[in-house]
Amino acid sequence: MSDQPGLLWEGFRRVWHYQRVLWFIFFISLVLGHLGTSPVVHKLDRMDHRLQAKRLSDTFDLGTFSSFSSDPEIKLFDAAGTSISISLVFFIGMLFLTGGILEAYRSARKLTAREFFEASGAYFWRLVRLLAVMGFVLTPALMLAGAIREQAGELMGSAAEEKAGFGLLVIGLGFVGLLLMCIRLWFDMAQVRAVVEEESGMLRNALDALKLVSANFISLFWMYFRISFFGWLVFAAGLYIWAKMPPARYTWTWLVLEVAILFGFAVRLWQRACEMIWYQRRYLATLAVPVQAPLVPVPNPLLTIAPPPGEQTS
Amino acid sequence: MRLIWNVAGLAILLGLLQIANGESSSSRAEGMSTAVRPIATLADQPLSERVVAYQIDARFDPAKHTLDATEVLTYRNPTGRPQDTFPFHLYLNAFQPQSTFVREGHREHRDLQWEEKYRASADIKSLEVVGIGDLTAKIKFISPDDGNPDDRTVFQVTLPRPVGPNESVQFKIVFHDQFGQIVARTGYRNHFMMGAQWFPKVGVWWQGAWNCHQFHSDTEFFADFGAYDVKLTLPQNEVVGASGIEISEIKNNDGTKTLTFRGEDIHDFAWTAQPDFQVVEGEFNGSMGGVKIRVLMQPGHMNQADRHLRIVRETMKRFDDWYGPYPYKQITVVDPGDFRAGGMEYPTLFTGDVTWWAPAGLHLFEQVVVHEFGHQYWYGMVATNEFENAWLDEGINSYTECKILDDIFGREKSGLDLWGLTEGDSAQQRNSYLGTPDFDPMTRFAYQFATGASYGDVTYGKSATVLYTLEKVIGEATLRRALRTYFMRYRFMHPTQEDFLKTVEEASGQNLRWYFDQAVYGTNILDYEISSARSDRLDWYLEKPPEEKKGSTSYRTEILVHRKGDFIFPVEVQIKFDNGESVIEHWDGKDRWVRYAYEKKAKVVSAELDPEHSLLVDRNFFNNSYADQEDTRARWKIVNYWTWCTQLLMQCLSWLA
């Protein structure tokens, strides 16, 4: 189904080659994750000298945890606000880094930290505008998910329609999931174009990306889906191993879960690398027309390569 | 005109004569006779003082979801005084937008959407008192609880002359029901039909007054014991389950069938119908004889049928062994077609709540079945007032549910045992109580709780937790004996909460008012804490004390225990030392704090309140102990999981970037 053999392998190589990007993102998430727990740590201090805590360290008794977490003097889940806020900060950070990540994958050489962050900054506001466009596209999809959930819940309340409701939920949300993947793929390509083509009009860029993805949908989606599926498998395997490990071995269980997180980031970067390579191969193939070759300026790592003839949009 | 008056006068005269002779037509009704050997129970004679006898002939139209019926209610006046006013429930009218039930439901759930498909009604076409005449015009809707003029769930009728003590009166009521799609307990969903609260039911004369409350969002029911003869005509393809036992089936020429049910010594009658119910039957051999277990399963849930039978049998065995016999010939278990009809009790019939995918380790389904069967005892036979003393049925039942599930699955796993996660049913009840521990006492009328959450948390969770804690005071075996005594003494009666509390005191031989006043009648919070536990060298003041040596260095150990809440409860404190010694202290808890001091050649290892962990009503278990040695494992485990969850959230959000 792929029109570009070896694309996944090449993408994997590029992620591996620039793996410090992956480790950087993982490290940031780990540090921010720990920052998010600071109010929790404070609340948990009081269990260090309490015998009841053994019910959480030696096993994981849900009743003990829920009675502890709901204690009016503890209110553990009040600390969730910090974690959510930090997650939003991470999201903005990732949006900022996306330009640098794509530039790193586009570039033929390793970027210095300065080049990486300059590229991140250079594309940030374009990607913010692109995100706003994506928000408009995502809204009806999310509304559809809400409607499916409500309808499925109504059906599942009736024994006669319970399985139909469950089926609707699985198939409906599965469909919405695929739709969201398609939208993500579309805007991933728009991000690639924004970096490669130096696009500044994001609405026009999104439309061009839509045409591009539509024309090559099966090939692109197959690439995107296979990587996602691999990520899901790794994540499920991580959870399975975690569930099978003795609860008292919490350091090891934590390591397993962290590996699952690391793979999650790796998979996402893998998708981005493959998309970039796919676009570059397509672009380079167009450039391979002999007459056009000398006209192409030597690429500056921070400037993008001119778009192929016929795709000049700005 | 004159002829009419003569006939009416003659009828009245005959009626008076009958009443005077104590031999009204109603008293000859089968249900009222004590001479007839019961056929729906395993007993040789009537088990209850049958105050009412209902003979209902009903025709159900599943296409229109309507029911037309004639009800003959024979009421024997047990009040010891003449009665001329009789209140009736007409609870199907609760499912109307202006009713008290919907109004209260909307108060609790502001997003509640009213739809016309939920509308239900019960209309009295005529009400005649045999021997007196038609009193339809005398029907008057009343709202004794909240004065809501739009609530039509209770009506009363005043007779032109009173019914004397121990005399009987017979009401002949023709009514029409329109069922709605199920909102709560009753109504239809697709082809499933649950007929509950579907007929006019007379109130209960209790504690010197009529007790006939409106239908509320958070209340259940209360009625007198009696006999029910119900004829139900409906299409032949319907599979039917009902209270009591089926005694005949006649196939009619119009494609319908008429089923006749007989229920004895019960105080309500419910039925269900669905064409494709799958019937699974089993038997339980109890101390009074064999009981037929009839399970009506949804076709899509047949993979859970054996699970139903197994848990019902296990539950019946324990109730029979621990609390008393189940005297009815049959128990019908309904797997409802809509979850809103699930988890509800009726005499000799209850609804469960299961899904086709319910995993074995998730004991929610078993909790529902054990709980609803338990109501056969705590509601069905010990028929307490669910409006005013809801904790007596829901609370005691939640406690016995925990005991039975603990016995079957183990105390730590009776609620959940799935994927390494465990939770006891009693822990769930306790956590529920901790949600809203101090808004309402257990004794609050059910419809007067601050919120629906408070009603649920206190009536179920707190009551079960309070009874669990009572084990600490009188012992588990004594409490079980008290419950057995309570059941055997008050079955087929309407006991009060004082009847229960006095029975517990009697069985234990203790005055337990100090506990009941705080736990049952009060909203006191119990929270004890080990504030500190430390050992200091006795020679601490020396400039150069000798090297610390285990077994030879002397220490002064002080344990400070603090009562943080306003609930006073005698507690034990266990202090462990590093030479293996253990000391148990008993504190009456009356003061706000107590300090225990020891001088030993050993350091404290830990101090723990309630070392047996039986004080479930204690709000915070974590501050009940103090260990000298810091153990950070639990903290880091939670911190790690919390970090991971935050990272996962980050990862999901970053997908949008």
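In what order do the four strands of the open sheet that includes E29 of chain B stand? In this predicted model, the order runs E29-E28-E31-E32, and the pairing is antiparallel. Strand E29 (582-587) and E32 of chain B sit at the edges, where each pairs on one side only. Going from one strand to the next, the twist averages 15 degrees. Further in, strand E28 (residues 571-577) of chain B is joined to E31(B) by five bridges, with the two strands running antiparallel. One residue to look at here is B:Val573, whose bridge partner in E31(B) is B:Leu609.

B:Val573 turns up again among the contacts of B:Ala607. Leaving aside residues up to four places away in sequence, B:Ala607 touches B:Ile530, B:Ala533, B:Ile559, B:Val573, B:Ile575, B:Ser625 and B:Tyr626. B:Ala607 also belongs to the largest nonpolar core, which has 170 residues; together with B:Leu73, B:Leu92, B:Val230 and B:Leu467, B:Ala607 touches the most other members.

Now for chain B as a whole. Its secondary structure amounts to twelve helices and 32 strands, and its C-alpha atoms fill a box of roughly 120 × 65 × 50 Å along the principal axes. Of the 657 residues in chain B, 49% are buried. Among chain B contacts with a separation of 6 or more, 69% are between residues 24 or more positions apart.

A second open sheet of four strands in chain B has the order E6-E7-E3-E11, again with antiparallel pairing. At its edges stand strand E6 (140-141) and strand E11 (201-202); each has a single partner strand, so one side of each is left without a neighbour in the sheet. For E11(B), strand E3 (residues 83-89) is an antiparallel partner, and the two pair over two bridges. Within this pairing, B:Phe88 has B:Val202 of E11(B) as its bridge partner.

Moving on to a helix, B:Val370 is found in helix H4 (residues 364-374) of chain B. Is B:Val370 buried or exposed? B:Val370 counts as buried because 26 other C-beta atoms lie within 10 Å, against a cut-off of 20 or more. Not counting residues up to four places away in sequence, B:Val370 touches B:Ile311, B:Thr315, B:Glu401, B:Ile404 and B:Leu405. For one of these, B:Ile311, the C-alpha atom is separated from that of B:Val370 by 7.3 Å, although the two residues are 59 residues apart along the chain.

Conventions. Residues numbered from 1 in each chain as written. Chains lettered and ligands numbered in written order. Predicted model: local features only at pLDDT ≥ 70, side-chain atom pairs only at ≥ 80, totals over all residues. Buried ≥ 20, exposed ≤ 12 C-beta atoms within 10 Å, placed from the backbone. Contact = placed C-beta atoms within 7 Å. Core = buried A, V, L, I, M, F, W, Y, C linked by C-beta atoms within 7 Å. Pairing = 2+ DSSP bridges. Axes fitted to C-alpha atoms, helices over the stretch in contact; angles between N-to-C directions.
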